[in-house]
Amino acid sequence: TDRSGTEQLREHIASTLQRARQRTAALTDCMDEAELVAQHSRLMSPLVWDLAHIGNQEELWLVRDVGGREPVRADIDELYDAFEHARPDRPQLPLLNPGEARGYVGTVREKVWDVLERSPLRGGELVDGGFAFGMIAQHEQQHDETMLATHQLRAGPPVLSAPAPPAGDTAVRGEVVIPAGEFTMGTSTDPWALDNERPAHPVHVPAYAIDAAPISNGQYLEFVADGGYDRRELWSERGWEHRQEAGLTAPRFWERDSAGQWWRRVFGVRRPLRPQQPVVHVCWFEAQAYATWAGKRLPTEAEWEKAARYDPSTGRSRAYPWGDTEPGPAIANLGQRHLEPADIGAYPAGASAAGVHQLIGDVWEWTSSGFHPYPGFRAFPYREYSEVFFGGDYRVLRGGSFGTDPVACRGTFRNWDHPIRRQIFSGFRLARTLDPREA
Ligand code: AVJ
Ligand code: FE
């Protein structure tokens with residue numbers, strides 16, 4: 001019946017919000033006061049800012065807007081408005097201390113349980129299908145991934161641990177050919193899809209080949225060993241300028257010892273570089289230089305999404321590469337179950353209809369595309385989520401990483417960042433255009 005459907009949705013929302021909060025707590029309870037207020041990198045906020053910002057967004061949208069309740073702390077809105085204060089300036093603000101921030105997010109969440117209990121979850125665009133609750137769960141998980149990146153930047157002994165991801169399969173390699181044709185990009189029906197994923201619209205994609213798997217450390221190491229970082233001709237003008245200025249010589253967190261052995265620092269632990277693991281912590285300019293070296297290019301956003309979602313047997317686009325069912329542990333490396341990408345070929349059950357592997361999870365994948373609205377885009381519920389970033393100096397990333405929760409990851413989900421950024425869990429795969437005889 002309708003009623004039990006609504007109750008099921010309410011339970012789904014509650015468990016999704018709870019999962020986010022457990023992760024937020026795990027990322028902050030392992031740190032002492034000094035570490036929570038410290039700035040571990042100028043690229044990031046102090047963790048205590050993310051924590052109270054999570055609560056503040058939840059208060060704005062669920063307590064005040066959906067719930068119509070009195071503000072909990074209207075006086076702190078400005079401190080936690082990401083557009084008012086840039087990340088490097090946040091440590092100097094009169095922020096809530098860790099104890100106050102924990103108390104604040106707890107108070108807000110208590111009110112949200114009451115708002116959720118009373119909401120019909122229909123009868124208005126913001127609450128239909130539980131949208132605002134889903135948006136806030138996604139927001140918390142996005143900040144949890146950002147906090148995870150802060151953990152990776154932090155110096156000192158490890159505070160996080162997790163089991164190793166599953167083993168790979170060396171047979172997964174090479175390219176998959178996708179014939180020319182139209183497919184449906186974006187969605188008009190996924191109830192928790194964010195504004196930039198909407199609406200569904202047809203896109204004609206010329207024939208192309210796309211890598212069956214992300215580029216591995218081993219492949220990337222060949223580029224490094226072949227002088228990739230010193231060959232001006234492999235880099236774009238802006239890319240080379242950045243490579244020079246930032247002194248790039250390898251992906252972030254790679255280290256080479258005096259014997260020539262490569263290591264990777266992973267959440268405070270130094271480990272031998274695994275050649276069969278997807279490369280992570282590269283910027284868009286590095287991905288582009290690698291592509292030039294390899295004689296290929298990054299996929300467009302449409303190419304990435306078609307490889308992930310298009311099912312030639314029905315002509316329809318699915319929610320995920322493997323179909324329309326939610327991701328579980330056997331299908332994709334998501335949700336910080338592991339603290340690194342899984343080896344190439346570790347998730348055969350997660351391959352797309354076309355046979356492309358590991359599109360969801362492991363590493364965010366850089367595309368060649370800038371961040372633009374789809375035809376028919378409408379900002380909802382606020383311009384500052386997506387609209388103000390359209391047309392800026394951003395490149396779109398797809399697919400989510402080992403640090404992305406399933407609620408914030410699907411075939412239509414769009415992430416974006418500046419082309420120089422690499423503290424995010426970013427990797428890539430390559431594509432190339434096929435001429436009609438090859439296709
Ligand atoms: C979509 C990941 C680029 O972290 O800047 C968080 C998500 N928006 N709070 C970001 C977001 C507002 C956003 N990204
Ligand atoms: Fe935010």
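Where in the structure does Gln336 lie? Gln336 sits in the loop between strand E9 (316–317) and E10; helices (H or I, at least four residues) and strands (E, at least two) are DSSP runs numbered from the N terminus. The model is predicted: local features need pLDDT of at least 70 and side-chain atom pairs pLDDT 80 or more, while totals for chains, interfaces and linings use all residues. Residues are numbered from 1 along each chain as its sequence is written, chains are lettered from A and ligands numbered from 1 in the order written, and side-chain values use heavy atoms, without hydrogens or water.

**View 1. Gln336 and Gln358 in the loop between E9 and E10.** Gln336 is not a glycine, yet has a positive phi of about 60 degrees. Gln336 counts as buried because its relative accessibility is 18%; buried means under 20% relative accessible area, exposed over 50% and partly exposed in between (1.4 Å probe, protein chains only). Gln358 is found in the loop between E9 and E10. Its phi is also positive, at about 55 degrees, although Gln358 is not a glycine. With a relative accessible area of 2%, Gln358 is buried.

**View 2. Histidine ligands of the iron ion (ligand 2).** The NE2 atoms of His53, His139 and His143 coordinate the ion at 2.1 Å. Donors are N, O and S atoms within 2.8 Å of the metal (3.2 Å for Na, K and Ca), and the site may look incomplete because water is not among the atoms. Along the sequence, the donor residues follow the spacing H-x85-H-x3-H. His139 and His143 both belong to helix H5 (residues 131–153), and since they are 4 residues apart there, about one helical turn separates them. His139 and His143 are buried.

**View 3. Largest pocket.** The volume of the largest pocket is about 1,300 Å³. On a 1 Å grid over the protein atoms alone, a pocket is an open set of points with protein on both sides within 12 Å along at least five of seven lines, a cavity is a set where a 1.4 Å probe fits but cannot get out, and lining residues have an atom within 4 Å of a point. Points are joined across faces, edges and corners, and volume is the space filled by probe spheres set on them. The lining of the largest pocket has 46 residues, and those nearest its centre are Arg87, His143, Thr146, Phe389 and Trp416. Helix H3 (47–66), H5 and strand E12 (414–417) each give two or more residues to this lining.

**View 4. Largest cavity.** There are 4 cavities of 30 Å³ or more in the structure. The largest cavity has a volume of about 90 Å³. Of its 13 lining residues, Met135, His139, Leu194, Tyr382 and Tyr385 are the closest to the centre. H5 supplies the largest share of the lining, 6 residues.

**View 5. Salt bridges of Glu255.** A salt bridge is a side-chain nitrogen of Lys or Arg within 4 Å of a carboxyl oxygen of Asp or Glu, and the structure holds 36 of them. Glu255 and Arg265 pair through their side chains at 3.5 Å, N to O. This pair links distant parts of the chain, 10 residues apart: Glu255 is in strand E5 (residues 254–256) and Arg265 in strand E6 (residues 262–266). Glu255 also meets Arg270 in a salt bridge (3.1 Å, N to O). Because Glu255 lies in E5 and Arg270 in strand E7 (residues 269–272), this second pair ties together parts 15 residues apart in sequence. Glu255 is partly exposed at 28% relative accessibility, Arg265 is partly exposed at 25%, and Arg270 is partly exposed at 40%.

View 6. Asp393 is partly exposed, with a relative accessible area of 31%, whereas Arg395 is buried, at 16%.

**View 7. Two cis peptide bonds.** One cis bond joins Arg198 and Pro199, with omega about -15 degrees. Pro199 is in the loop between strand E2 (181–185) and strand E3 (201–205). Another joins Phe380 and Pro381, with omega about -5 degrees. Pro381 is in the loop between strand E10 (364–370) and strand E11 (395–398).
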